Amino acid sequence: MNQPEEADYAELREEIVRAVRKLCPRWLASRAEDLVQVAMVKILELRQRREQNQELSSFYLKRVAYSALVDEIRRLERRRESPLENEDGEPL
């Protein structure tokens, strides 16, 4: 089994970076690098399960980036804090 070249990973990462840039809303831009990392982990896990020489389509890579973005938005929504005071400053 051939080990993937470092250049292959760099090229794959660049494709993911481009996909995340296209999909990521401005309000989430500060987390773009995290999204790239999550997408890369998903892709590398897939490559370990499959034959390593198999090419992944650009559509699939965009789908993984989109999935990472949706997961992050959902995670942020779950973590959204509820206020401890009402609008008048009174404790709830």
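This is a predicted model: local features need pLDDT of at least 70, side-chain atom pairs count only at pLDDT 80 or more; totals for chains, interfaces and linings use all residues.

Reader: Is Arg21 buried or exposed?

Author: Arg21 is found in helix H1 and is one of the residues of the positive patch. A residue counts as exposed over 50% relative accessible area. Because Arg21 has a relative accessible area of 63%, its class is exposed.

Reader: How many salt bridges are there?

Author: Side chains of opposite charge can pair when their charged atoms come close. The rule applied here asks for a side-chain nitrogen of Lys or Arg within 4 Å of a carboxyl oxygen of Asp or Glu. By this rule, the number of salt bridges is four.

Reader: How many residues apart in sequence are the parts that Glu33 and Arg13 tie together?

Author: The side chains of Glu33 and Arg13 form a salt bridge, at 2.2 Å from N to O. Glu33 belongs to helix H2 (residues 32-49) and Arg13 to helix H1, so the parts tied together are separated in sequence by 20 residues.

Reader: What is the N to O distance of the salt bridge between Glu72 and Arg31, and where does Arg31 lie?

Author: The side chains of Glu72 and Arg31 meet in a salt bridge at 3.3 Å, N to O. Glu72 is part of helix H3, so this pair ties together parts 41 residues apart in sequence, with Arg31 in the loop between H1 and H2.

Reader: Which residues are linked with Glu72 in a network of salt bridges?

Author: Besides its pairing with Arg31, Glu72 forms a salt bridge with Arg75, the closest N and O atoms being 2.8 Å apart. Arg75 and Glu72 both lie in helix H3, three residues apart, about one turn of the helix. At 12% relative accessibility Glu72 counts as buried, whereas Arg75, at 27%, counts as partly exposed. The residues linked with Glu72 in the network are Arg31 and Arg75.

Reader: How far apart in space are Ala65 and Gln37, C-alpha to C-alpha?

Author: Ala65 has its place in helix H3 (residues 58-79) and is buried, with a relative accessible area of 2%. Leaving aside neighbours within four places in sequence, Ala65 is in contact with Ala19, Val20, Leu23 and Ala39. Ala65 and Gln37 are 28 residues apart in sequence, and their C-alpha to C-alpha distance is 9.7 Å.

How values were computed. Residues are numbered from 1 along each chain as its sequence is written. Side-chain values use heavy atoms; hydrogens and water are left out. Patches are made of residues with over 30% relative accessible area and no salt bridge: like charges are joined within 9 Å, nonpolar side chains (Val, Leu, Ile, Met, Phe, Trp, Tyr) within 5 Å. Accessible areas come from the Shrake-Rupley method with a 1.4 Å probe; for residues, only the protein chains shown count as cover. Lys and Arg count as positive and Asp and Glu as negative; His and the chain ends are not counted. The place of a charge is taken as NZ of Lys, CZ of Arg, CG of Asp or CD of Glu. Helices (H or I, at least four residues) and strands (E, at least two) are DSSP runs, numbered from the N terminus. Buried means under 20% relative accessible area, exposed over 50%, partly exposed in between (1.4 Å probe, protein chains only). Contact means heavy atoms within 4.5 Å.
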